[in-house]
Amino acid sequence: MSNTALITGASSGIGAEFARYHARKGGDLVVVARRKEPLQALKTELEAAHGVRVIVIAQDVGTPAQAAALYDVVKAQGIQVDILINNAGFGGHGGFLDRDLAKDQAMIDLNISALVTLSHLFGRDMKTRKGGKMLQVSSTAGFLPGPYQAVYYATKAFVTSFSQAIDQELRKDGITSTALCPGLVHTEFVASADLAGTGLANQKGATAASVAKCGYEAMMKGKLIAINEPQLSFMMNWLIPVMPRRMVLKMIEKMQTK
């Protein structure tokens with residue numbers, strides 16, 4: 001019985017920890033990222049430790065066309081993807097008008113458009129087989145507007161909404177979609193998003209391994225949304241919705257000011 005998970009952004013951080021967790025469960029893997037060397041190291045580690053099969057695909061999925069090309073590569077190799085984990089994504093700090101527009105458009109392409117493309121293409125195969133699971137890596141940022149990360153927060157709002165909607169549509173076909181919405185996680189994201197020196201980056205945060213475990217287990221249970229910390233869940237679901245919106249905006253602006 002097939003139990004293969006495809007993970008994008010698997011070369012480090014949460015993506016690599018998803019791979020480790022799935023391998024410990026005895027599942028085979030397709031690990032995808034731009035950097036081949038860390039993927040090969042991960043393959044060696046997991047095949048030796050758990051006796052699973054790990055297929056490495058060093059490919060960018062930053063646009064819908066590249067995401068579709070990944071799907072074609074997987075299909076050409078005859079691989080059945082039972083679990084799709086859309087983990088690849090990036091953020092970026094700065095005022096909206098001060099940031100490079102091309103970088104924000106690339107963020108939209110990866111965080112939204114490529115994710116939708118992969119969900120659609122692999123989702124069709126899951127529907128044909130009447131079964132499958134998707135995990136969409138979002139963020140607690142998706143519950144809020146984000147001054148100084150305006151586009152990133154908005155992309156995650158899309159992901160959280162999209163994931164819930166397709167779960168409702170596809171559940172009758174044996175497919176679930178779970179949105180993982182962590183708070184701060186100590187990975188390469190903080191540096192790549194230029195968040196050093198902000199109040200947000202100075203928070204305690206969570207480990208990538210703990211967040212991956214939270215998301216993976218929620219996905220297996222078919223939950224709609226997984227937030228990795230109870231305090232964050234309470235804040236996002238009960239406090240933020242009743243706070244004055246201008247107060248929320250000022251709070252987030254302060255957290256993201258250097």
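**Close-up views of a predicted model**

**View 1. Strands E1 and E2 pair in parallel.** The bridge partner of Ile-7 in E2 is Val-31. The model shown here and in the other views is predicted. Strand E1 covers residues 4–8 and strand E2 covers residues 28–33. Five bridges join the two strands.

**View 2. The open sheet is built from seven strands.** Read across the sheet, the order is E3-E2-E1-E4-E5-E6-E7, and the pairing is parallel. Strand E3 (54–58) and strand E7 (225–226) each have a single partner strand and stand at the edges, so one side of each lacks a neighbour in the sheet.

**View 3. Strand E5 runs parallel to E6.** Strand E5 comprises residues 132–137, and six bridges connect it to E6.

**View 4. Strand E6 is mostly covered.** The strand spans residues 175–180, and six of its six residues are buried. In a regular strand, side chains alternate between the two faces of the sheet. Here Ile-175, Ser-177 and Ala-179 point one way from E6. Thr-176, Thr-178 and Leu-180 point the other way. Both sets are buried, that is, under 20% relative accessible area.

**View 5. Lys-130 has a positive phi.** The angle is near 65°, in a residue other than glycine. Lys-130 is found in the loop between helix H4 (101–129) and E5. The relative accessible area of Lys-130 is 55%; the cut-off for exposed is over 50%, so Lys-130 counts as exposed.

**View 6. Tyr-148 is another residue other than glycine with a positive phi.** Its phi is near 75°. Tyr-148 is found in the loop that lies between E5 and helix H5 (150–170). With a relative accessibility of 33%, Tyr-148 counts as partly exposed, because this value falls between the 20% and 50% cut-offs.

**View 7. Pro-230 lies in helix H8.** The helix is made up of residues 230–239. Pro-230 is exposed, and its relative accessible area is 66%. Phe-189 is 41 residues away from Pro-230 in sequence. In space the two residues are 22 Å apart, taken from C-alpha to C-alpha.

**View 8. The whole chain is given as context for the close-ups.** The chain has nine helices and seven strands. Its radius of gyration is 18 Å, close to the 18 Å that the globule rule gives for 258 residues, so the chain is as compact as a globular protein of that length. Along the principal axes, the C-alpha atoms fill a box of roughly 50 × 40 × 35 Å. Of the 258 residues, 50% count as buried. Among contacts with a separation of 6 or more, 70% are between residues 24 or more positions apart. The accessible surface comes to about 12000 Å², and 57% of it belongs to carbon and sulfur atoms. The chain carries 28 positive and 21 negative charges, whose mean positions are 5 Å apart.

Notes: Residues are numbered from 1 along each chain as its sequence is written. This is a predicted model: local features need pLDDT of at least 70, side-chain atom pairs count only at pLDDT 80 or more; totals for chains, interfaces and linings use all residues. Side-chain values use heavy atoms; hydrogens and water are left out. Helices (H or I, at least four residues) and strands (E, at least two) are DSSP runs, numbered from the N terminus. The radius of gyration is taken over C-alpha atoms; the globule rule is 2.2 Å times the number of residues to the power 0.38. Buried means under 20% relative accessible area, exposed over 50%, partly exposed in between (1.4 Å probe, protein chains only). Contact means heavy atoms within 4.5 Å. Accessible areas come from the Shrake-Rupley method with a 1.4 Å probe; for residues, only the protein chains shown count as cover. Lys and Arg count as positive and Asp and Glu as negative; His and the chain ends are not counted. The place of a charge is taken as NZ of Lys, CZ of Arg, CG of Asp or CD of Glu. Two strands pair if DSSP finds at least two bridges between them.
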